[in-house]
Structure formats: structure tokens, C-alpha cells
Amino acid sequence: MTRPRILEVEGISKRFGGVQAVSTLSFHMEEGEILGLLGPNGAGKTTAFNMIAGAIRTDTGAIRFRGENIAGRRPWDICRMGIARTFQLSKPFGGLSVVENVMVGAFVRTASGHEARAEAEKVVDFLGLGPRAATDAEDLTAFDRRKLELGRALATRPRLLLMDEVVAGATPTEAQEMVALVRRVRDLGITILIVEHVMKVIMGLSDRVIVLDYGKLIADGPPREVVNQPDVLKAYFGERYAQAHT
Ligand SMILES: Nc1ncnc2c1ncn2[C@@H]1O[C@H](COP(=O)(O)OP(=O)(O)OP(=O)(O)O)[C@@H](O)[C@H]1O
Ligand SMILES: [Mg+2]
């Protein structure tokens, strides 16, 4: 049985000066799935994210979220509709505690400080950051900052979560912990689009993967099939590697 489509990206493009960062990209996401977005450095992954989240405008195309075209909407409107994102570089608000940082996300859903704090405390516990709740966010380890970044996004109560390189710089143990955490997020009923360079993480998490190369979609399918496709190997490792391994 196919699940309803939560996101339909139809021919979106973005050009920066002479660089076609994303080129008529189309893909869809089903409710409840974890979709991995792969591609070499500069392939356009973050640009695609930014267009979905409304951080940058699309030059062409449509982005339908639960049937509604959100291309051109402002980021806060998109967030309120149910799309949250984490940033590739996480910069918490210094001078604010862990809970207060997560409250920033919760204020998308409520104007009440009391309610925002209660929501943030739940999220902080979910992340296992309970013991650090009152710590200044700037004093967290890099990995705990990543979790905090996820927490700020979760506190907006998204239906769709866009995650950009959540295990960058993490130790193998931390990466495993993050994988388990992402699964628990999905178990909450949240659909997830994840950009990640660490293959083990992508392969372990994704129900399906799509691959970008020079802004174009070059593959879409089950993780194990896609990573063995000659054009995907070529994009990642170069022509000679692809020839030797297919
Ligand atoms: N604001 C910008 N202005 C100019 N060029 C940009 C801008 N943002 C991205 N680009 C260019 O667009 C292309 C795609 O960049 P993007 O950051 O989307 O790639 P990416 O797949 O996320 O790469 P990485 O894996 O390194 O994070 C690159 O050539 C990049 O230099
Ligand atoms: Mg990027």
C-alpha cells in the first residue's frame, strides 16, 4: 500500500550567478518515510533544502506540501505549516540555557512562555539532554549542540523534518546514538529528509535515497540498489572507480 505523499517537489531550480546549483529537480516523499539525500560536495543538497524550507526562493517549479504549493512562502509560514529544518552548522543562542534555546522553537506553536517551557522540557528529555537543561548552550559539546539543534526543530512540532549533516564531526559512538535518535523521531510519526555524507548512517537509516550531482537528480530508489549504480559511483568516486566496480 502506498502512503499519502507529504511532499512533491516538481522541477525546482536555483542559479547563483554562473552556477546552476539545482536544476529542474523533482522527487516526492511519502508520509512516515526517511529519505536520504546524497551527492558529492557542491551537488546542491543544501540549496534544495533551503528552497523547501523557504530560506531561498526557487527560480522555477513547485513544492507541494500536503497538497499546497509552498514555493515562495516565507520560512516562518512554512515552519508553521509543519516543516522544520536543522542547519549544517549549528549555532545555539549563547547566554540562553538548553531549555531556553529549545523554547525558541516552541514559540512557533504558542505565545505562552509557560507552554513553550513545558514543551521544551519534554523535547529536552526526549533527546537525553535533561541533565544539561539549565546549562548555557554555548558550553555544550559539539555533539550535544547537534542534539539541541534537533530539539529546536522538534519543538516546532513538524510533520516533515529536514536534517542537514547531523553526524558531521561526530565519533562513531555518537553517530550511532544519533541514528537511534533519528529512528525515534520517525517513530513519533515525523517524515524525515536527511542529508548525510556518512554512508553507514544513510544506509542504516534511509527507506529510499535520491542522489544529486551538479544540481541534477541522477538516482532514486532503495539505498543498496542506488549506491551500486555506475553513475552514482562515478559521481562520488570518479570514472575509473565506477568502471572497476561495475
Ligand atoms: N549563496 C550562494 N551563492 C553563490 N553560490 C552558492 C550559494 N549557495 C550555494 N552555492 C553554490 O551552489 C552549489 C551547490 O551548493 P550546496 O551548498 O547546495 O551544495 P551541497 O550539496 O550542500 O554541498 P556540501 O556537501 O559541501 O554541503 C555550489 O557550487 C555552491 O558553491
Ligand atoms: Mg550542504
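Modeller: Buried means under 20% relative accessible area, exposed over 50%, and partly exposed in between (1.4 Å probe, protein chains only). This is a predicted model, in which local features need pLDDT of at least 70, side-chain atom pairs count only at pLDDT 80 or more, and totals for chains, interfaces and linings use all residues. Residues are numbered from 1 along each chain as its sequence is written.

Biologist: Is glutamate 165 buried or exposed?

Modeller: Glutamate 165 is buried, its relative accessible area being 10%. It is found in the loop between strand 7 and helix 6 (172–187); helices (H or I, at least four residues) and strands (E, at least two) are DSSP runs, numbered from the N terminus.

Biologist: What is phi there, for glutamate 165?

Modeller: Phi of glutamate 165 is near 50°, a positive value in a residue other than glycine. Arginine 157 also has a positive phi, near 55°.

Biologist: Where is arginine 157 found?

Modeller: Arginine 157 is in the loop that lies between helix 5 (142–154) and strand 7 (160–164). With a relative accessibility of 48%, arginine 157 counts as partly exposed.

Biologist: Changing topic, how many helices and strands has the protein?

Modeller: The protein has 10 helices and 10 strands.

Biologist: And what share of the residues is buried?

Modeller: Of the 246 residues, 51% count as buried.

Biologist: What share of the contacts comes from residues 24 or more positions apart?

Modeller: Such residues account for 65% of the contacts with a separation of 6 or more, where contact means heavy atoms within 4.5 Å.

Notes:
Chains are lettered from A and ligands numbered from 1 in the order in which they are written. Side-chain values use heavy atoms; hydrogens and water are left out.
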